[in-house]
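Open your viewer and get ready to select residues by number. We will take a few stops, one after another.

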Amino acid sequence: MKEKLLKIKAKTGKLIRASYELPLWKWLLVCLIISVLQVVILEMLGRRSLLSPFVFIFHNPLVFLYNILIVFFTMSLALLFKRRGFAMGLIFLLWSAVGIINFVLLGYRITPFSAIDFIMFSDVLSMFNIYFNLPQRIAIVVGIIVFIVVIVLAFLKTPKIKGKVNYVQGSVVVLVSFVFVYIMTFLALETSLISDKFTNLGTAYKSYGFVYCFSNSIIDQGISKPEDYTEANVDRMMDALEDVKKPKRTYKYKNNKKQLPNIIVIQLESFIDIGRVNGVNTDKESIPNFKKFQEDYPSGFLTVPAIGAGTANSEFEILTGMKSKAFGAGEYPYKTVLTHEPCESMAQLLLKQGYSTHAIHNNKAKFYSRDESYANLGFQTFTSLEYMKHFNKTQTGWAKDDCLPDEILDAMDYDDNKDFVFTISVQGHGRYPKNELKCDEHVHVTLDKDDPELANQFGYFVNQCYEMDKMIMDLKTKLDERGEDYVLLLYGDHIPSLTFEEGQFNSGTESQTEYVIVSNIEMNLEDRDIYAYEMSDYLMRALGFETGVMQNIHSKYFNTEDPLDNQLFDDSCVLAQYDMLYGDRYIYNFINPYKRVDLRLGLHDITIDSASFNPINGCITVKGQNFTPFSVILINDDRKETLFVDENTLMIIPSEIKDEPAAEDVFAVAQIDKDKHELSRSNEIIYGE
C-alpha cells in the first residue's frame, strides 16, 4: 500500500512538473477545462441534483459560459506563483468548499450561501447544536481539519516551477481575463442576460448560476451611488413630497394630555396559515385565534423580502419603510450599515412624538447584531432572552413564545409614556425534526404523499404555530384587561424553511405571509394586501402620526396604475435610502436629525446585595435582584460556574471553589450569552463588607 501511494505521489509530481513545461496556450486550455468542471460541480451542489445543471446549461448556455469565465479568471491567478499547481489546486478547493457549504445549508434553509454568511458566522455558530446532531458536528469538524491538512501537505509537497516566474506574461493573462469578464458582465447586464438586483436570492442562483451570484454577493454591498445622485435631484424629490397629504386624526384628551394608543408589533417566526398549502391536512384549525382576528379586523397578505429565512430583513422593512432589495445581494443592513449609522424608523419617529420605544426578542441579543442596530433604529430598551427570568424551550432548543405577553406588558409598565413595543418571536424557527414529532401534538398533521420525515417536519411546525396562536390570544386578553387604547400588528416574517413544491400554495405566493391589525380603537382600515416596506406608512398614517421621508415616498408614488410612477417610486426609494445612509444627507440639510439612542439591555437593573460562604456545604450564595439563567457570578473578574436558583439567588457550587473568599475579593454579576459574550454587568461589592 505504501509503495502504491509513493508511486501515485511520484506520478502526480511528474505530471505537475510536466504541466509547467506546457506552452501557455495549452496551460490555459487546461485551466479552461478545469473551470468547466468546477462550474458543473458547483451547479450540481447548488441544485442538489446530478441532472439539473445540464438543464441549466441547455437553457442558459451564455450564462453558463459567463460563470466559466469568472472561474477561469480566478484560476489564471495561479500563473503568478512558483507553486503554480498548488495555487490552482487551492483555488479549485476554495470554490469547492463554498459549493459544499451551499449544499449543506440548502438542506436546512431555502436561502443559498452568500458573502453575508461570513459576517453572520458568529450567529451560525450559536445555532450549530440546533441544526446539526453530534455525528454531523463531528463530521463537519473532521472535514475542516482534513481540508486544512490537505492544503498544508499540498503546499509542502507540490513542486515549484523551474526558474523564475514570468510575471509579465502572467499579469497580462490575468488582466486580459479580468477585462474580458468585466466586459461580459457589462454586456450581460445591459442585455438583461443577468441581473445584479436579486428579487429572490434562491431564484437568482438558479437563473444566473452559483459562481456569478456568490461573486456578486462579495462585491455588491450597501447601496450603489445612483447615477442621478446630486443635491439638486434630492431637493427636487423632497419638493415633490411637499404636497403629500398630512395624516390627520382626532384623539381624546385627558388632563390636557392627548390619549395616544400603545402600539405593539409582533413579528411571528415562520408563521403562516397551513391551510394555504395543498397536500397538508390537519384534524382541526391550526391558528384559530389569528383566523378569527382576520374576520374581525383589517388583514391581508404581507409580501416579505425573504423566503424561508431572512427574518431581519422583514423586520427592517417593517420598521423603516426601506426596500432591502436596494442593498447588496443577500445583505442584512442590521449586520452592516445599521451597526454604525442612525436610521429613520418607526421607533425614531414615535420617539419624537413622546413614545417610549422598546424591543423584545426571546433569542440572544447579538443575533443579527440587534444589540447594536436597535440603538440606531431608535429603541430605548431591548429585552433579549438573556434578560428574561421565565421562559420555556421547545425540544429543538428555541425559546417558546408564551413568555412574550408578560414581557410586553412589563415594557409597557416601564414608565408613564405611551409605548411602541416591537417584538420578534422565535418559537417557529427551524430546524424542524425529521425523525420524530418532538413536541406536544395539539394538531394532528398528515400529508397526501407518503413521506414520514416531511410529515414530522410539518407536524412539528404546525404545532408550534398552534402554540404561537395561543400566545397572541393571551396577549390580546391581557391588553383588553389593561383598559388602555392599543393597536396590535401581527404578521409572519416569512414562510417556514420546509420543502414546498412549485404551485403548492393555493392562495398567495411563497413570498407572502399574513398580517392582521387588532385594535380597540376605530382604525378605518380595509382589508388589503401590502408589502412589508409599506406597513410603516399604512399604520402611522391611519393613526395620524407625523410620517418620515420613506413614508411620504410611499404615499406619493406607490400603488398607482401608472408605470412611470412605479419607476419613480423605485428610483426615489434608492435615492432616499442612499442619501440617508451613505450619502451627504441632502434630505436632512446635511445633518442627520436621528441620533443613536443610549440603548438599555433589559428593563430592570441587575443588582447584587450580598455574598456569603457556607462552610458546611462549601457553596457561595449571592443575593440580589433581577437575576436570570444567564447571570454569572464574577469574583475579581473571574467567571464562575453559576447555578441559577431564582431571580434573587445565585450559587457557586463547591467544585468551583476551594476556600472562603478573601476579604478584599470583588463580587459582581454579569449577563453572559451562550457564546460567552458579556452583555452587561451589575454593581460591585467587596466580600465581607
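**Stop one: a salt bridge**

Select R600: with 25% relative accessibility it counts as partly exposed, because that term covers values between buried (under 20% relative accessible area) and exposed (over 50%), using a 1.4 Å probe and protein chains only. A salt bridge here is a side-chain nitrogen of Lys or Arg within 4 Å of a carboxyl oxygen of Asp or Glu. D605 is partly exposed too, at 48%.

A word on what you are viewing: this is a predicted model, where local features need pLDDT of at least 70 and side-chain atom pairs count only at pLDDT 80 or more, while totals for chains, interfaces and linings use all residues. Residues are numbered from 1 along each chain as its sequence is written, and side-chain values use heavy atoms, leaving out hydrogens and water.

**Stop two: a link across the chain**

Next, select D570 and K323, which form a salt bridge with their closest N and O atoms 2.7 Å apart. Where do D570 and K323 lie in the chain? D570 is in helix α22 (residues 563-581), and K323 is in the loop between α15 (311-320) and α16 (346-351), 247 residues apart. Helices are DSSP runs (H or I, at least four residues), numbered from the N terminus. Is K323 buried or exposed? K323 counts as buried, at 17% relative accessibility, whereas D570 is partly exposed at 30%.

**Stop three: a network**

Finally, select D413, K418, R482 and E484, which are linked in a network of salt bridges. Within it, R482 and E484 have their closest N and O atoms 3.6 Å apart.

Key:
Helices (H or I, at least four residues) and strands (E, at least two) are DSSP runs, numbered from the N terminus.
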